[in-house]
Amino acid sequence: MSQVFHEIEKKIISILKSESNLTPEKIGELTQLSPDQVRRGIEWLRLKELAIVNESQNITFSLGKNGLEAFESGLPERKLVDLIKDGSMKISDLQKQLGSVFGPAMGLAKKNNWIESKENELSLKTYPSNIPGEKTLKQIGKSSVSEQDIDKEDLQSLMRRPEFIIENLIKTKQISLTKNAQSLDISDSDSGAIDVEANVPEIFVARTHPLKDTIDEIREIFVTLGFTEIFGNLTQPSFWNFDALFTPQDHPARELQDTFYLDGVSSKKIGTPDQIRKVSESHKKGWRYYWDINEARKMVLRTHTTCVTIKHLAENKSEEARVFSLGRVFRNEKVSYKHLVEFNQIEGVVVGSNANLRNLMGIQREFYRRIGITKIKFWPTFFPYTEPSLQTMVYNERLGKWVELFGMGIFRPEVTKPLGITKPVLAWGGGIERIAMLKYGLDDVREFYNNNLNWLRSATKCQ
Amino acid sequence: MPVVEVSYSRLQKLVGKASKKQISESLPFLGLDIESEDKDLVRVEYSPNRPDYSTDFGISLGLEGILGIKTGSIKLKIKKSKTYAINVKSNVSKIRPFVTGIVAKNGKIDDKIIKQLMAMQEDLHFGIGRKRKKSSIGIHDLDKICFPLTYTTTDRNYKFIPLNSKVEQTISEILQNTEVGQDYGYVLGNSAQVPIIVDSKDDAVSFPPIINADKTTVTTKTKNLFVEVTGINKGDAEDMLSVVATILQSAGFNLESVNISGARNKTPKLEHRQMSVSPSLINDSLGLTLNNSTIISSLKKSRLDATTSGKNISCKIPPYRFDIFGPMDLVEEVALGYGVEKLTPQLSSSETLGMVNPISSKLKSVSLTMVGLGYLEALNSSLTSKRILFEMTNREPKNPIAVLDSKSQEHTILRDSILPGLLENLSRNIHAQYPQKLFETGTVFFKNDPIDEKTNFAAVWANQDANFSEMKSILQAVLKTGFNLQIETKTATHETFEKGRTASILVDGKTVGIMGEINSNTIENYKIRVPVSGFEITLSGLIFD
């Protein structure tokens, strides 16, 4: 370890070399350092194992209210003997002059044979040169005196009197140098330098949640790619979550075991009469079954954010648009390192007469490039509401395999036509936790929602 | 998505002229995701709309096409036969009105084929059959059946020996005692009469949609098959039959027709459909400039037939491809046949300007301001539990919103408050360094014809010196700095907060939240060892609508 010392440390070391076991106050006095500088200097030296701090307790005594009065004008018994030094006096006059302390003072003086009483008068027998307690009073005065410097016997007579003596318990620190420090030559070390190589205590930053950081990053990328963010409710009628997306009412994905239905909650208003009629016709024609409006009314926790974009498109019927929706979605799954019941999804659409599949792939490739993923490929896949449908596969270097990320496709005419959307709609979307897992190198998706402070405080912000 | 296990060596045998590598590289481009591989065995995930991919026969038809070994559509060669017939009685019309069927002869049946057929049957039942409700299938040993058959109904005391049983059982017993009976009996409801197929000797062949008779069980000794499909509509039943017929023909069987008549039932035609698509729709959708001959060859690689017809391309679609609804489906078939790997991404310039939603921006301001004040952002589920939301925090549930049949005990009701989750977080971190300061913004839910969703913001501070006033300073600072809002606090009571140290939070005279020192009861419930202060306010209506 380099031996670099701060000016404060140097001063303290040199003082302690000549005199050990000093209190911080004494060190301050001798070095002319402020109490705070002394405190810090001692702490630094202690951490470097150069100084030993011995803590000890000491009792000191100072005078209370009555003690101070006695210090100024004498003990009551001294006052009494002084009054009758030159001749006896009436008890009643003495009582007037000494007040409430007259009684105890007379008792004490009688006991010590300094005075005697005749009829109603007191007269002096022997004038005491020293009264017990006077020495201590004088010694303490207005300051305080420590236990070892005091005459205990003399103190005792004062201790019994009310509000004469205050006993203080004082903790003191005594600082001395270790053997290593004794032999240090501090004269050749740099002035003003500190030990820059020493360990320092850890400080934890306050920060936004790592998953929120990823969400913000993704939001920003799509905004710069020309997309506008839209919001929608997390609870949705089945109509927008399923029916409007051409998912038949008897489709397995709509069952309780996959989708969270709200217990006993239905929506009276699910869409315009025209939307409802046309969607139901599309289902009857495509899937050959009895379409039940009550099924469409059942409220669910949205299983994707697509319900938000499709509703937006149905309401706005834009000819040219780029919008996205980002937020929580829900699946009735067993929670595991791979699956959560509630996670985040981003889903976006491009509407326009010239929108085509290669453009959609281009947007995906650009997005991945911006989050630092360049090894990607596209595979065909199936979604009930898009045709053609593709999925992006990205290469996970850590796992050494291709993993599935966003899905995409062109909305089926069975979805768009009933809602009066005439232009082709490119749609894409996927889970955000998966991307965040790649980013933070996590194998267990639950970590994002554990709120484990040790992880939150240590996860690196830029990956 | 369903998964099927097939072997490379069998696929190679079926496809011919293709290496294992070629096959393994082509599978994803048919839409078949390789889930795992173990030497010769490969497990692939396939789309529920392609039940033909539930067998290696179906997969090899697709591979032949995409590899260019055999292209064009698969034609069903069905020999017209008068030997086989099913007569339908009108009494089935109210229960399960349609039946259809086919005969498949002279095939080789080994354990592997039986396994594949069983898997296909299960998939058809689950997928287009909608758990046997819409349609269901029975595959029988043809030579154990005496034709003609009758599709009729019977009562629940009717007895026969069902598959995998040695003794006769009544319909009621079958529904109660067998696994399939318990799983699919629901399809029949409480109807006194149930559907049944009997042969000319009055022996039961099948009790649709539940179980076959034991005597027609298919074994490795079986040479000829009889397939019947019943259902609630003719189209679905015939779709199902066409998948099985196509697969059996590919497996080497010769098909023969079964005459179906009575009660609006007819012999299935299993014919190709005609559909036309314009080349411009294809090119515009894919972003390509393919000429007609490339389009046609691509469609053929996808095992369809196509010819030019005027300005359009006319396609012939085999009956088992009922996943093709219209021209956009043909666009996808072109893409697959052409090769998705040949589609290059193209970034077109955007004609729209992007915008962050103002709600997101404001929530981000809340987060950043809180971080500036030394608070760490937490994230909790909005679907949580009674324990966290009410029991631990001593709150009375008011009209909670529950979900049905959750698979997780910890996720059963929607939160109406964020604070309980943050307290739960503190209780899980009692060994981490203090002070602990957490905040969260998120959605809370209330019943209101049907549901009100609001955005709330809550924070907690746990430390030896946590107190009311500094918590108020924090809230005051974040609302002042972030949104120029002034808060007032008024004495209040709340189940979670300490009496005398609880206040409601007001902005412009309107109550927007609650704050205070968390009471000892709650802190003890959570086994937190230091004092905790906290607040929760509703941002909806305050900083955005």
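This is a predicted model: local features need pLDDT of at least 70, side-chain atom pairs count only at pLDDT 80 or more; totals for chains, interfaces and linings use all residues.
Residues are numbered from 1 along each chain as its sequence is written, and chains are lettered from A and ligands numbered from 1 in the order in which they are written.

Let me begin with chain A, which has 20 helices and 16 strands, where helices (H or I, at least four residues) and strands (E, at least two) are DSSP runs numbered from the N terminus. The C-alpha trace of chain A spans about 135 × 65 × 35 Å along its principal axes. Its radius of gyration is 45 Å, whereas a compact globule of 463 residues would have one near 23 Å; this radius is taken over C-alpha atoms, and the globule rule is 2.2 Å times the number of residues to the power 0.38. Of the 463 residues of chain A, 41% count as buried, meaning that 20 or more other C-beta atoms, placed from the backbone, lie within 10 Å of the residue's own.

How many residues does each chain bring to the contact? Chain A gives 77 residues and chain B gives 72, with two residues in contact if their C-beta atoms, placed from the backbone, lie within 7 Å. On the side of chain A that touches chain B, the largest share, nine residues, comes from helix 16 (residues 357–370) of chain A.

Turning to chain B, its domain assignment, which is automatic or from a database, gives domain 1 (3–49 + 56–66), domain 2 (78–266), domain 3 (273–339) and domain 4 (358–538). The centres of domain 1 and domain 4 of chain B, taken over C-alpha atoms, are separated by 53 Å.

Finally, chain B holds an open sheet of three strands in the order 18-20-19, with antiparallel pairing, where two strands pair if DSSP finds at least two bridges between them. Its edge strands, each pairing on one side only, are strand 18 (273–277) and strand 19 (305–309) of chain B. Strand 18 of chain B pairs with strand 20 (residues 312–317) of chain B over five bridges, and Met275(B) has Cys315(B), in strand 20 of chain B, as its bridge partner. Helix 9 (residues 292–301) of chain B packs on this sheet, touching strand 19 and strand 20 of chain B, and its direction makes about 160° with that of strand 19 of chain B; axes are lines fitted to C-alpha atoms, for helices over the stretch in contact, and angles run from 0 to 180 degrees between N-to-C directions.

Key:
A residue is buried if 20 or more other C-beta atoms lie within 10 Å of its own, exposed if 12 or fewer, and partly exposed in between; C-beta atoms are placed from the backbone.
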